Amino acid sequence: MKVLALNSSARTGDVSKTEIVLDYLIQGMREAGAEVEVIELRRKKIRYCIGCFTCWTKTPGTCIHKDDMTREILPKYLDSDLAILATPLFHYTVNALMKTYIERTLPIALPFFEKRDGVTKHPFRYETPPVVVLSVAGFPEESVFDALKFYVNFMFGNERLAAEIYRTSAEMISRSSTGKKISDIREALIQGGRELIQSKKISPETMDRIKKPITTFEEMAPLGNLMWQTCIDEGFTMGEAQKSGLIPRPDSIDTFLTLMKFSFKANKASDAKLTIQFNFSGQATGECYFLIENGNFKTGLGKMNNPDLIIESPFEVWMDIMTKKADGQKMFMERKYTVQGDIAALLRIREFFGN
Ligand SMILES: Cc1cc2nc3c(=O)[nH]c(=O)nc-3n(C[C@H](O)[C@H](O)[C@H](O)COP(=O)(O)O)c2cc1C
């Protein structure tokens, strides 16, 4: 089976979530024996449709433009057994590059009018492949895709849409994520790719796993806002922040705990049992604690009984250390913060939470 995947993301590599999600789907397709070609539309020259209708009249089926769309993309699309349209969600719909591609498929249609499914449509000039629509969005609610769903269903109809893959909270997906939720989504996408080749559809069970919520607004917004604020303060783009491993800087005890929950590496703490008390002064005065036990991580506000480790620090000093603006050991020597209890446990914090 010949599959053509058209990827309209403006980004690539580890920062492009469209590419990551598409790659997993393709991995499954290849495993199931498909021959898959990916065309990154951003590398191609595709001019805008100028609405001249030359492709319907003077040169039936052939566009007036001579560019990569005419020479390469449209012939490959028509020659494929299955096409994937992979697009980031921009302002609730396909991005401009995907829309430009879609508009340039006009030569596929005949000019005449016919009634299909009770509405006016144009008949096809050529046989066209079934289509998989894949899109990724930053927001966590599935309803963010409502307009796109309506659009692609209207355009392709049930009979031409093999599958619709909509991935919310996509910015939380990375190739290196080891968390259970992301790993299961990765496996489900690979499985979805296999199923598409085997039966030209994705089973409801696999689709449920692909779409499974990663986060909620309540979980995502504090951390996301912290990351944006840190980018603004440091003068970083989001891409630069990801590449350089910029650590969001908490501005309150609440956001500190949210960030620590997000960063906790359960697999590194499977045999650990440790309680840590933080007594902060300065910018955010107050107490909070961590409970780490058998790969689980809990946090709380206030004081706990008999912690293994008590850290007393001005909030801003601890945040400087956490965001690598200050050296933890040097700050300790200079008594900028103090530690009581199991000092060896201090060294394990980096292991449990990464950098
Ligand atoms: C111009 C622009 C518009 C966007 N519009 C939306 C949107 O309407 N809803 C949403 O959830 N995310 C939106 N996003 C976020 C993207 O969908 C998200 O960052 C996605 O991962 C981009 O795909 P990429 O990683 O392949 O670049 C938008 C991003 C940009 C740059």
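Let me begin with a definition: two residues are in contact if their C-beta atoms, placed from the backbone, lie within 7 Å. With that in hand, and bearing in mind that what we have here is a predicted model, consider the contacts in the protein between residues at least 6 apart in sequence, of which 70% join residues at least 24 apart.

Turning to the overall form, the protein has 12 helices and 12 strands. Its radius of gyration is 26 Å, whereas the globule rule gives 20 Å for 355 residues, a value well exceeded here, so the protein is more spread out than a compact globule. The C-alpha trace, taken along its principal axes, spans about 85 × 40 × 35 Å. The domain assignment gives domain 1 as 2–211 and domain 2 as 249–353, and the C-alpha centres of domain 1 and domain 2 lie 45 Å apart.

Now to the interior, where buried residues make up 31% of the 355 residues in the protein. The largest nonpolar core has 52 residues, and the members that touch the most others are Ala5, Leu6, Val21, Ile84, Leu85, Val132 and Leu134. Helix α1, residues 17–31, gives the most to this core, with 7 residues. There is also a second, separate core of 23 residues, which includes Leu259, Cys288, Ile310 and Val317.

Which residues is Leu134 in contact with, leaving aside its neighbours within four places in sequence? They are Val21, Leu22 and Leu25, then Ile84, Leu85 and Ala86, and finally Ile165.

Technical notes:
Residues are numbered from 1 along each chain as its sequence is written. This is a predicted model: local features need pLDDT of at least 70, side-chain atom pairs count only at pLDDT 80 or more; totals for chains, interfaces and linings use all residues. A nonpolar core is a set of buried Ala, Val, Leu, Ile, Met, Phe, Trp, Tyr and Cys residues joined through C-beta atoms within 7 Å. A residue is buried if 20 or more other C-beta atoms lie within 10 Å of its own, exposed if 12 or fewer, and partly exposed in between; C-beta atoms are placed from the backbone. Helices (H or I, at least four residues) and strands (E, at least two) are DSSP runs, numbered from the N terminus. Domain bounds come from an automatic or database domain assignment. The radius of gyration is taken over C-alpha atoms; the globule rule is 2.2 Å times the number of residues to the power 0.38.
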